[in-house]
Amino acid sequence: MKFLVCISQVPDTTTKITFIEGKALNAAGVQFIINPYDEIALTRALELKEALGGTVTVIHVGTVGTEPTIRKALAIGADEAIRINAEPEDAFFVASQIAEVVKKNPFDVILTGRESIDYNSGQVAGMLAEMLDLPSVCVVTKIDISGTEVTLEREIDGGKEVVSCSLPFVASAQKGLSEPRIPNMRGIMSARTKPLQITEPSSGTKLTASVSYAMPPAKQACKMVAADKMNELVELLHQEAKVI
Amino acid sequence: MSVIVFAENWDGKFKKSTFEAVSYANEIAKQLSTSTTALVIGNVSEEDMKSLGKYGAGKVLNVKNDRLNTLAAQAYGNIVAEAAQKEVATVIVISNTYTGKNIAGRIAARLKAGLVAGATALPSATAPFTVRKKCFSGKGLTDVVITSDQKVLALTPNAFRVISGEGTASLEAFVPALKDSDLKTSVKEVKKTSGKIALTEAELVVSAGRGLKGPENWGMIEELANLLGAATACSKPVADIGWRPHHEHVGQTGITIGPNLYIAIGISGAIQHLAGVSSSKVIVVINSDPEAPFFKAADYGVVGDAFEVVPRLIEAVKTFKTSHH
C-alpha cells in the first residue's frame, strides 16, 4: 500500500511570534519544526505500513532551507521524500502542486495534518481530495484499514463519528490518531541517504495572499480579587463583565 | 450576484453558529448591495428554515435526500458549489465547524475560489477583498486578500455576533446533481460524549491543569462547571499524563476555543496554552503562584490555593444563583 503524507514546516510551538513592520513573520531566532499534526499523520502512516506493508512517502512544498525538516520526517521513518521547490504561499497553490504529483504517481492513502499551526487553515486536505476526485474525511482520530475497507473516526461537536470509506482516500489528522515517535540514531543516520527528490513547481495559480499581520489586541491589566472574596468575583463577572 | 451561506444543521436543528454565519453573510451582502440565500441540506422544519429570514436570508434552498442526512464531504461540497453557481454567488459563507472544515477546501477547489478559513471579522474592504483571520494559533492576526472572482469564507464560531430582526425567508426545493461516486464515505455510528456541553460551542468553560495535583480532584471542577452550565477543559500536560481525556485539551495543539468566559484553575499559562484560549472574551485565572504568566493574559485574577478558592467560588455561585432566580 502506498502512503503519502503532506508535511509543512512551522515555527516551534514555544515561539514568541513577532512581525517585521506588520509585513512578514520575524523569523530571527525561530526554530522550525514539522507541523505537529503532520507528524501525527506521518506516525499513523508508518504504523499502517508496518501492519500492511508498503511505502511511506512524504511530500513538502518549500524551498531548499526546509530540507532539515524533510530529513527529520525521513529520520522518523518515512521511506522517501519529494520536495516541490516553491514557497508555500497559498493553500490552493500547494494543493495543486501536490495533486500534479499524485496524478502522475497515484497513492492509496493521502494524509495531512488537520491544519498547520502557522496559518491554521486546514485547507489542503479537502482541496487535494477535490482536485483528485477522492473522498476525504477531516480531523480524524482513528484510521483503520482492513482489506479495501477503511474505517475512520472523525471529531464532531460533542463526540465522534465513525465513517467508512473506500480506497484511495484523503484524511487529515487530529491529535489522538497516533503518538509521535522520537527518531532514534539509526533513523537519523539512514535519513541522510534516503531518496529526496526535488521537483520544480508546475505553473500554479494563487488565489489568496496574506498582505499584513498584526498582534492580537493587548489585554487590559488584570483585576486582582482576594482569595476569600469569591462573592466579589461572581459579582464582577455578572455586573462588569456580564458573562454570567 | 448574491451571497450564499451554508446553514448547517445538527439532526435537523440549527445552532448559534448557523445564525452567526447567516448574519455574517447578510452583512457582506449589504456591503456588496446584494441579497443573501441560505442553503440547507437535510430535514429541517419549514418553520425553522423560514426563520433564517430573521438573520437576513431572503431565500432558503433546501436539499432533501435521505442519503444526505449525515455528512458526506464530497457530496456536500459539490452541492454547495452547485448552489453557488445557480445563485451566481460571489461570496460563499460557511461556519468553520467540524463540518465546515470537511467541506471548505473542497468547495474552494471546485470553484477555484480563494478561501479564508477561520475568518473572524467582516471584510475590511471588498476591492481588494480583504478578510482578517488569526494566524500562528492565535498569536497573531493576518489580513488575507482573495484575488479570485468567487470567495469562500469559513467563519470562526463565536467570533461574530448574531444580528436578528424581522423577516421570513422564502423556501425553494433544490435538487442537485448527485452521483453515487460522491458518496464514497458513509457514517456508521455517532458516539456522543454523554450529557456534556461540547467544548467548541460552550459559552462558558472551566479548565484546570497540573495545579490540581491529580485526576481524583476534578470533582470540584465538574461541580463548578455544572453550576455555571459550562464545559470542562484541561491543559496539555494533564491530557498527556492521562488525568483527563485528549478531547478536553485546549491549546495550540489541542482545541482552540473562544468562549465568553474561560476560568483557568491551576494552569500556569504557557504560550502554547494561551494560543488556544486567547480569543476568550473574559479570562479568570486562579493560581497559587502570583508570578504565573497566565495573569498577564487574564481579566480577573485570584492568587490562592485552588483547593480553598474553588470551593468558595462554588458557594458564591450557588448564592448568586439563588438570589438571581
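Two residues are in contact here when heavy atoms lie within 4.5 Å. By that rule, 81 residues of chain A touch 86 residues of chain B. The model is a predicted one, in which local features need pLDDT of at least 70 and side-chain atom pairs count only at pLDDT 80 or more, while totals for chains, interfaces and linings use all residues. Residues are numbered from 1 along each chain as its sequence is written, chains are lettered from A in the order in which they are written, and side-chain values use heavy atoms, leaving out hydrogens and water.

Between chain A and chain B, about 7000 Å² is buried (accessible area, 1.4 Å probe, lost on putting the two parts together and summed over both). Carbon and sulfur atoms give 57% of that area. On the side of chain A, the residues that lose the most area to chain B are A:Glu130, A:Asp157 and A:Lys219, together 10% of what that side buries.

A:Glu130 also forms a salt bridge (a side-chain nitrogen of Lys or Arg within 4 Å of a carboxyl oxygen of Asp or Glu). The partner is B:Arg106, with the closest N and O atoms 3.0 Å apart. The count of salt bridges between the two chains is four.

Strands also meet across the two chains. β11(A) pairs with strand β13 (residues 185-192) of chain B in the antiparallel sense, over seven bridges; strands are DSSP runs of E, at least two residues, numbered from the N terminus, and pairing requires at least two DSSP bridges. Within this arrangement, A:Ser164 stands opposite B:Ser186 in β13(B).

Terms used
Helix = DSSP H or I, 4+ residues; strand = E, 2+ residues; numbered from the N terminus.
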